[in-house]
Amino acid sequence: MYGLSLLKGLGVTMKNLVSPGRMFTVHQYPDRKIGLMGLARLNNQNPVAFTLSKPGQAIKAMVGLASVRDRQYQHPRFRGEEFSWYENRCTGCASCAKYCPLGIIRIVTDPAKTDLQEGDKYFLEVFDIDIGRCMFCGLCVEACPYDALHMGSGFEEGRYRRRDLVIDKARLVESPKRPSHWFRPQLADKEEYNPLEGDEADWREVHRHEKPTISDQRSRWGQR
Amino acid sequence: MSFHVQYAGILDFKSIYDLVAGLAPEGMSWAAFTVAAAILALIVINALVMSTALYTWFERRVLGRFQNRLGPNRWGPFGLLQPFADILKLITKEDTTPEEADRWVMTLAPIALLVPTLIVAAVIPFGPDSFLGRLNIGILFVLGVTSVNTIAIFMAGWGSANKYAMLGAMRGVAMLVSYEVPMALAVVGVVIMSGSLALFDIVEAQTVPYILVQPLGFLIFVAAASAEMSRTPFDQIEAESELGSGYNTEYSGIKFALLFLAEFMAPLINAMIITTLFLGGTRGFDPIPGQAWFVLKTFAVVFALLWVRATWPRLRVDQIMGFAWKGLFALSLVNIFAVAIAVAILQDETGAIAAGPLWIMVAVNWAIAAIGIVLTAKALGQRKLERETPTPSPLANMYAEAD
């Protein structure tokens, strides 16, 4: 009453300004500012020893100019850009292209270069994914019968031109093979694999079922 | 206090004039005056633009702290270079004009908004001997020139041929015209007390800062000034949640940069005027020069305005107009009456008021301010919503009767 609640509101905002416990609900990305204590802890030294060993960095940290890389927590099932595609697993069946609701996957295969009688797979001439129009529904990944296409884990794929957003075959081959766990229970079951850290996943590791060994196959043939 | 004299002497604008006049030959004092005035105007305008750039950083940073976030902190130490990055971005962006826009009006509007803001700085006394123009009708000049930005905002809204811009501009004109009345009336109290329209005389007359003598006038002036520069809680002109961005919806590139500059320079200029009128301007105790006092007080006012902006929500259009005409207008008339009667009774033969009666006046005016605010709040404040007892529906007992 009488405008006193206006003053109360001013008090609330001032409390937010001055009290240090209420600061910064913001996660800083891609790097965060770090003070002297934090920098010394990162280098496994106590602050005094760190200041003596690297005075330049210590002064920068004290002034507030030092920063370290910081990544936000990211779920392993995150559906990222840069699809992880395994050329060795892909047969060129173009299921992904057929299932894509936006029709942004373009596959051109050349049967002339393959010997299908020998069980060879299609030779892929073109494999383009236009992630500028992709909505990351993941239907292509669900459709892939050979677990060759996986969602990636990256997201820093900003480009200056639209045409750079088209991922072609060369980029798919070169891109880091860090498939997301999304729709790939075989990856989630493996405890040691995390798409964000550790080694890249080999094409042999991303299958859905255990691959029969040679002896298994021989014995199975023998039973027939 | 030789240290003080030297230190303040460097900051005085008069010493620059003396320097130029010493270089000019005999009988060429007009040329010396012209050159010195050009130099000083250049200094003041650049200082204003620069401090506006830093103020945008300060505002965004402090507003961020108020709202538990960081504000710009990427570019430069603590994000200090952010305004320069912004300016570069705005300059290099494409300057688009809508096809149906009134091209001339739209182009002139940012200039018409920026120039009055800059011109006001000419009469503000930054220090005991630091002002560009020693104008004897300073405060009248300020009130007259700042009212030009009403036209500028309407030009921007009209010229962009955009419905949102037009709506924002029309709201803006209604609001700015209304709030000029209490603003001018609040200034009248100051003028009665000091007996002069000149800003340097008003500063001279403030043996006690007028915020103590006329708290009501101060509050009215701050409210009206923050409406004049269209900041929250009075930012109807560019109400983001209602109008897109209001009158500057269609602006981009360098034109938007000018609008932005004028918009962010307004708090600084208004804080300077408030400092001059109510906080004693350049007065202070001695080892610190008057210019430093001026900057300190301005900074305090700017921070207070920022604090208000961070806290209070936007008012509705009818609430804003009602507050101007029913609340502030009446209160400013009360303020004028109180000050005029007190001055008529308490002043001695020379027209000045001695220290003892002045403190009596302070007490009386604070009491009047408190009573006035309480009464206004009672008259304007939102009543508790009392719901009528609902009349029972004729169908309510339909089934009961059937049973």
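Does N44(A) count as buried or exposed? N44(A) counts as exposed, because its C-beta neighbours inside 10 Å number 8. The model is predicted. The predictor assigns the complex an ipTM of 0.72 and a pTM of 0.75. Chain A holds nine helices and seven strands. Chain B holds 17 helices and zero strands.

**Confidence**

- For the complex, ipTM stands at 0.72 and pTM at 0.75.
- The average pLDDT of chain B is 82. In chain B, 93% of the residues reach at least 70.
- Residues 1-8 of chain B keep a pLDDT under 50. For that stretch of chain B, the model has seven contacts beyond four places in sequence.

**Chain A: overall form**

- The secondary structure of chain A comprises nine helices and seven strands.
- Chain A has a radius of gyration of 26 Å, while the globule rule gives 17 Å for 224 residues. The value is well over the rule, so chain A is more spread out than a compact globule.
- The C-alpha trace of chain A spans about 85 × 55 × 35 Å along its principal axes.
- Of the 224 residues in chain A, 20% are buried.
- Take the contacts in chain A between residues at least 6 apart in sequence: 70% of them join residues at least 24 apart.

**Chain A: the open sheet**

- Three strands of chain A make an open sheet, ordered β4-β5-β7, with antiparallel pairing.
- In general, strands of a sheet pair through backbone hydrogen bonds, in a parallel or an antiparallel sense.
- β4 (105-110) and β7 (166-167) of chain A are the edge strands. Each has a single partner strand, so one side of each lacks a neighbour in the sheet.
- β4(A) and β5(A) form an antiparallel pair over six bridges. D110(A) is set opposite F123(A) in β5(A).
- β5 (residues 123-130) of chain A pairs with β7(A) over two bridges, again in the antiparallel sense.
- I129(A) faces I167(A) in β7(A). D130(A) has V166(A) in β7(A) as its bridge partner.

**Chain A: two loop residues with positive phi**

- N44(A) sits in the loop between α2 (36-42) and α3 (47-53) of chain A. Its phi is near 55°, a positive value in a residue other than glycine.
- The cut-off for exposed is 12 or fewer neighbours. N44(A) has 8 C-beta neighbours inside 10 Å, so it counts as exposed.
- D147(A) sits in the loop between α6 (139-143) and β6 (149-152) of chain A. The phi of D147(A) is near 55°, positive in a residue other than glycine.
- The cut-off for buried is 20 or more neighbours. D147(A) has 20 C-beta neighbours inside 10 Å and therefore counts as buried.

**Chain B: overall form**

- Chain B contains 17 helices and zero strands.
- Along the principal axes, the C-alpha atoms of chain B fill a box of roughly 110 × 60 × 40 Å.
- Buried residues account for 39% of the 403 residues of chain B.
- Among chain B contacts between residues at least 6 apart in sequence, 76% link residues at least 24 apart.

**Chain B: A186(B) in a helix**

- A186(B) belongs to helix α8 (residues 163-194) of chain B.
- A186(B) counts as buried because it has 27 C-beta neighbours inside 10 Å.
- Beyond its neighbours within four places in sequence, A186(B) is in contact with G217(B), I220(B), F221(B), A224(B), S332(B) and N335(B).
- A186(B) and I273(B) are 87 residues apart along the chain, and their C-alpha atoms are separated by 13 Å.

**Chain B: D235(B) in a loop**

- D235(B) lies in the loop between α11 (215-228) and α12 (240-243) of chain B.
- With 21 C-beta neighbours inside 10 Å, D235(B) counts as buried.
- Apart from neighbours within four places in sequence, D235(B) is in contact with S230(B) and R314(B).
- D235(B) and W293(B) are 58 residues apart along the chain. Their C-alpha atoms are separated by 30 Å.

Notes. Residues are numbered from 1 along each chain as its sequence is written. Chains are lettered from A and ligands numbered from 1 in the order in which they are written. This is a predicted model: local features need pLDDT of at least 70, side-chain atom pairs count only at pLDDT 80 or more; totals for chains, interfaces and linings use all residues. Helices (H or I, at least four residues) and strands (E, at least two) are DSSP runs, numbered from the N terminus. The radius of gyration is taken over C-alpha atoms; the globule rule is 2.2 Å times the number of residues to the power 0.38. Two residues are in contact if their C-beta atoms, placed from the backbone, lie within 7 Å. Two strands pair if DSSP finds at least two bridges between them. pLDDT is the predictor's confidence in each residue, from 0 to 100.
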